[in-house]
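I opened this notebook to keep track of what I looked up, one stop at a time.

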Amino acid sequence: MSGGFRSRSAGRREDKPAHQRNRKQGRGAAQQPRKQSGGRQRYTVKGRPASIGDPARETAFEVVLRVARDDAFANLTLPGILRERKITGRDAAFATELAYGTLRSLGVLDAVIAKNSSRELERIAPEVLAALRLGAYQLLYTRVGDHAAVDTSVRLVESAGHEKAKGFANGVLRSIARAPADEWLRTLAPDSELGALAFTHAHPEWIARSFAEALGDKRNELEAALEADSARPVVHLVARPGEISAEELALSTGSEQGKYSPYAVYLPEGDPGQLEPVREGLAAVQDEGSQIIARAVTEVPVEQDQGRWLDLCAGPGGKAALIGAIAAIDAAAVDAVEVSPHRAELISKTVRGLPVTVHTADGRDPKLEPGYDRILVDAPCSGLGALRRRPEARWTKSEDDIAELTQLQEELLQSAVNLAKPGGVVVYSTCSPDVRETRGVVEKLLAKGGVEELDARQWAAGMEDVGEGPSVQMWPHRHGTDAMFFAVLRKS
């Protein structure tokens with residue numbers, strides 16, 4: 001199990017962890033019998049699983065299965081199932097804990113399952129593996145009794161049409177239950193200090209290394225950063241300027257005003273979609289870090305601001321909406337560029353009624369007239385700063401993607417500089433702390449000349465401990481926001 005995240009079973013034919021290999025097989029591979037060496041066949045789905053009379057575990061099982069088998073997103077799949085089946089209250093909370101917890105811990109769970117399985121993970125049917133992961137999570141990370149965790153998981157295997165695999169699942173889970181979680185972590189953790197820390201906190205080692213490099217001389221905070229990555233984030237609301245104040249939004253929703261952004265409100269619990277201000281378009285869900293970045297675009301001084309503002313990578317539209325609301329107050333107009341037609345349509349709905357014009361175009365060459373006063377480049381990135389919102393993402397992302405992303409980021413940032421007027425401001429941001437996507441991209445642009453970097457910390461809404469500057473790096477464990485980065489540049 002190289003790096004602590006691969007099966008220790010003999011005869012492994014592939015290098016990728018099982019949780020990544022299964023996702024690559026796609027929907028069709030999970031539905032058809034698949035010949036295996038030695039004459040074995042993969043189990044097949046035999047219709048929708050029958051109910052075991054446990055709606056919470058059935059829901060969690062389906063979410064874990066869809067993520068692995070169909071490349072579904074848990075944060076979209078789970079709410080849909082809960083609404084469809086009208087699951088609320090304690091059952092909904094338990095389903096959420098099981099599904100998200102299992103997906104966050106996939107690498108550790110797979111290592112433990114592989115150690116106790118007579119069968120290689122890629123030779124286990126997706127439905128059986130989903131039930132094993134769910135059972136192992138309960139045994140290792142919750143207070144659920146061993147009997148309940150094992151019995152319900154075995155029943156899920158049977159309900160999915162794999163009756164012959166019941167004994168196998170029972171044996172694996174009972175073997176896992178013989179040792180406590182800390183013993184499994186000690187036994188299976190890599191030898192290196194960084195690898196062991198990553199494994200203990202359920203992260204691939206490359207992500208832990210990325211965080212350590214971004215923390216620089218504060219690497220002693222790495223464990224806190226990894227812990228915060230697995231904590232359930234508080235929902236942040238944004239009060240739309242000109243429509244409602246943060247104070248009014250907090251009072252009307254029984255919430256607390258944000259610590260940094262003047263538009264932020266913290267919603268401790270409940271469905272934000274059911275709130276009247278959100279339904280009426282007076283407020284929306286938006287991380288406080290995103291609010292600070294959008295506000296910074298409008299706050300940096302620009303000589304003779306003509307009110308031509310640009311959001312060059314506008315999807316999904318949250319920052320464009322906030323910038324547009326401020327533009328409405330300042331008598332400015334915003335162009336929002338999005339390469340995907342579907343996402344461009346979503347942005348149009350989000351900014352309806354605001355002075356924002358949406359363009360479906362490639363931000364690297366959007367065919368717009370240069371001379372913008374203010375430009376935001378919220379570049380596509382690895383999303384390592386928002387892993388707490390996508391529980392499975394840490395196991396599905398690859399370090400190999402970084403090089404391709406940085407090239408795109410560099411091209412987008414250069415495009416923004418070309419579109420800015422002399423003296424115009426460009427704010428570059430990512431939802432990633434990876435140095436290659438943050439300082440690396442900015443430094444390459446600065447080396448070309450033609451721009452100067454301003455100290456972004458003065459537009460960080462009073463945030464402290466955001467790095468040595470001149471750029472800003474936020475962290476969940478320090479600020480309660482996603483690990484967002486932004487730099488402020490002025491065209492010479």
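I began with A202, which counts as buried because its relative accessibility is 6%. The model is a predicted one, and I kept that in mind throughout. A202 sits in the loop between helix 10 (193-200) and helix 11. Its phi is near 55°, a positive value in a residue other than glycine. I flagged the value because most residues other than glycine have a negative phi.

I found A331 in the loop between helix 16 and strand 6 (333-338). Buried or exposed, I asked of A331? A331 counts as exposed, at 70% relative accessibility.

Next I went through peptide bonds, given that most of them are trans. The bond from G315 to P316 is cis, with omega near 5°. P316 belongs to the loop between strand 5 (308-311) and helix 16 (318-330). G469 and P470 are also joined by a cis peptide bond, and here omega is about 0°. P470 is in the loop between strand 10 (451-454) and strand 11.

**Aromatic rings**

How many aromatic pairs are there? I count three, taking ring centres within 6.5 Å as the rule. One of them is Y137 with Y141, 5.3 Å centre to centre and with 25° between the planes. That pair is stacked, because planes under 30 degrees apart count as such. Y137 and Y141 are four residues apart in helix 6 (residues 126-141), so about one helical turn separates them. Y137 is buried at 5% relative accessibility, whereas Y141 is partly exposed at 33%.

F211 and W475 make another pair: their ring centres are 5.7 Å apart and the planes meet at 75°, so I logged it as edge-to-face. This pair links distant parts of the chain, 264 residues apart. F211 is in helix 11 (residues 205-215), and W475 is in the loop between strand 11 (472-473) and helix 21 (476-479). F211 is buried, at 2% relative accessibility, and W475 is buried with a relative accessible area of 2%.

I also looked for charges over ring faces. R119 lies over the face of F168, 4.6 Å from the ring centre. R308 lies over the face of Y372, at 3.9 Å from the ring centre.

**Cavities and a pocket**

F211 and W475 came up again when I searched for voids: both line the largest cavity. The other lining residues include A225, D229, L384 and G385. The volume of this cavity is about 40 Å³. Across the whole structure, the search finds two cavities of 30 Å³ or more.

The second largest pocket has a volume of about 410 Å³. Its lining has 21 residues, with A214, V466, G467, E468 and Q473 nearest the centre. Which element gives the most to that lining? Helix 11 does, with three residues. Helix 11 and strand 11 each supply at least two.

The largest nonpolar core has 60 residues, and F61, V63, V128, L132 and I176 touch the most other members. Among the elements giving two or more residues to this core are helix 2 (55-70), helix 5 (106-116) and helix 8 (166-176). Helix 6 gives the most to this core, with ten residues. I then listed the contacts of F61, leaving aside its neighbours within four places in sequence: P49, E127, A130, A131, L134, L156 and A160. A second, separate core of 42 residues includes Y263, A296, A321 and A325.

Why did I mark helix 5 as largely enclosed by the rest of the structure? Ten of its eleven residues are buried. Among these are L106, V108, D110 and N116.

**Last stop: N170**

N170 lies in helix 8 and is partly exposed, at 26% relative accessibility. Leaving aside neighbours within four places in sequence, N170 is in contact with V150 and V154.

Notes:
Residues numbered from 1 in each chain as written. Predicted model: local features only at pLDDT ≥ 70, side-chain atom pairs only at ≥ 80, totals over all residues. Heavy atoms only, no water. Phe/Tyr/Trp six-rings, centres within 6.5 Å; stacked < 30°, edge-to-face > 60°. Buried < 20%, exposed > 50% of the residue type's maximum accessible area, 1.4 Å probe, protein only. Lys NZ or Arg CZ within 6 Å of the ring centre and 35° of its normal. Core = buried A, V, L, I, M, F, W, Y, C linked by side-chain atoms within 4.5 Å. Contact = heavy atoms within 4.5 Å. 1 Å grid on protein atoms, 1.4 Å probe; cavity = no way out; pocket = protein on both sides within 12 Å on 5 of 7 lines; lining within 4 Å. Points joined across faces, edges and corners; volume = space filled by probe spheres on them.
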